[in-house]
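Please read this report alongside the sequence and the coordinates.

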Amino acid sequence: MGRKKQRQIRRVGHYSSSHKILLVGEGDFSFSACLARAFRSATNMVATTLESKDTLSTKHWSSKAHVDELKTRGCLVLYEVDVDDMDQHPTLMCMKFDIIIFNFPHAGHYSWLCERDDELIQKHRELLKAFFESARGMIGQGGEIHVSHRDDYPYDQWKLKELAEKAGLVLKEKVWFEKSDYPGYHNKRGGGIQSNKKFPLKECYTFKFSLKPEFTTHELMPSCSQTTSVLDDDISHALKGMHLK
């Protein structure tokens with residue numbers, strides 16, 4: 001018998017088709033779709049949004065084509081995934097990832113608050129604190145958590161590195177975020193006010209965090225015996241074709 005053909009590894013930006021990738025807080029799923037096109041497959045990916053399926057189509061009407069493409073390429077797409085407790089999500093809680101991506105996290109827009117207001121800055125910090133605490137137990141050995149974020153004022157007041165360190169993570173690398181590295185990606189405001197509009201990307205970086213040496217993925221692993229929910233047909237079908245065991 002002939003030798004099994006080895007799958008070609010494809011890359012885009014910081015990511016490759018050999019990585020098991022979880023994307024959270026997606027807007028119109030254009031970033032996920034960019035990775036899937038570059039990899040020519042998305043069986044190594046899970047892409048999620050906080051929105052329900054119906055709300056997503058209202059807030060980000062440009063999302064449908066991207067979601068359709070992701071599903072066609074084998075990506076598992078999940079709705080109503082809150083980064084606060086995603087480690088307890090019945091589909092995600094027993095998965096381990098090489099990379100978790102959260103692009104431009106934001107706690108929401110409020111008509112009476114601007115980005116310089118302490119109240120809104122605190123909301124952003126609380127969001128990221130909960131995200132780091134949830135995400136840290138979902139990466140495998142040597143895994144990374146990537147947060148792309150503006151690092152100019154007032155966004156630098158979120159103290160991203162400090163929040164990550166308190167969650168048992170260490171900054172491994174900070175690299176310039178170049179949007180052109182991800183063809184087709186459209187950064188979206190989200191948050192309920194002009195959700196489908198873009199926002200200016202000025203001094204932006206991707207912060208790459210890993211677990212501190214004293215933490216191990218085994219110690220942070222949730223109990224999978226609690227997973228008793230019956231998955232719907234779409235999720236069950238997607239999981240069968242994925243390389244995310």
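## Basis and overall make-up

This is a predicted model, in which local features need pLDDT of at least 70 and side-chain atom pairs count only at pLDDT 80 or more, while totals for chains, interfaces and linings use all residues. Residues are numbered from 1 along each chain as its sequence is written, and side-chain values use heavy atoms, with hydrogens and water left out.

The protein has six helices and nine strands, these being DSSP runs numbered from the N terminus (helices are H or I of at least four residues, strands E of at least two). Its accessible surface comes to about 12,700 Å², of which 49% belongs to carbon and sulfur atoms, as computed by the Shrake-Rupley method with a 1.4 Å probe, where for residues only the protein chains shown count as cover. Of the 245 residues, 50% are buried (buried means under 20% relative accessible area, exposed over 50%, and partly exposed in between, with a 1.4 Å probe and protein chains only). Among contacts (heavy atoms within 4.5 Å) with a separation of 6 or more, 76% are between residues 24 or more positions apart.

## Nonpolar cores

In soluble globular proteins, nonpolar side chains tend to be buried together. A nonpolar core is here a set of buried Ala, Val, Leu, Ile, Met, Phe, Trp, Tyr and Cys residues joined through side-chain atoms within 4.5 Å. The largest one has 34 residues, of which Leu22, Met86, Leu92, Ile100, Phe131, Phe132 and Ile145 touch the most other members. Elements giving two or more residues to this core include β3 (21-24), β6 (97-103), β7 (139-150) and β9 (204-211), while α4 gives the most, with six residues.

Leaving aside neighbours within four places in sequence, leucine 22 is in contact with residues including Val46, Met86, Leu92, Ile100 and Met138. A second, separate core of 26 residues includes Tyr15, Cys34, Ala42 and Leu56.

## Helix α3 and glutamate 69

In α3, the residues Ser63, His66, Val67, Glu69 and Leu70 are buried, and because they fall within an arc of 160 degrees seen down the helix axis, they line one face of the helix (the arc is that of the directions from the axis to the C-beta atoms). On the other side of α3, Lys64, Ala65 and Thr72 are exposed. The buried residues pack against α1 (30-39), β4 (45-48), α2 (53-59) and β5, and just after the helix, glycine 74 takes a positive phi of about 95 degrees.

Why does glutamate 69 count as buried? Glutamate 69 does so because its relative accessibility is 19%. Not counting residues up to four places away in sequence, glutamate 69 touches Ala33 and Arg37, and Arg37, Glu69 and Arg73 are linked in a network of salt bridges.

## Salt bridges

A salt bridge is a side-chain nitrogen of Lys or Arg within 4 Å of a carboxyl oxygen of Asp or Glu, and by this rule the count comes to eleven. Aspartate 151 and lysine 174 meet in one of them, at 2.7 Å from N to O; since aspartate 151 lies in the loop between β7 and α5 and lysine 174 in strand β8 (residues 169-176), the pair ties together parts that are 23 residues apart in sequence.

Arginine 150 forms a salt bridge with aspartate 152, their closest N and O atoms being 2.7 Å apart; arginine 150 is buried at 8% relative accessible area, and aspartate 152 is buried at 15%. The side chains of glutamate 51 and lysine 59 meet at 3.2 Å, N to O, with glutamate 51 buried at 16% relative accessibility and lysine 59 partly exposed at 22%.
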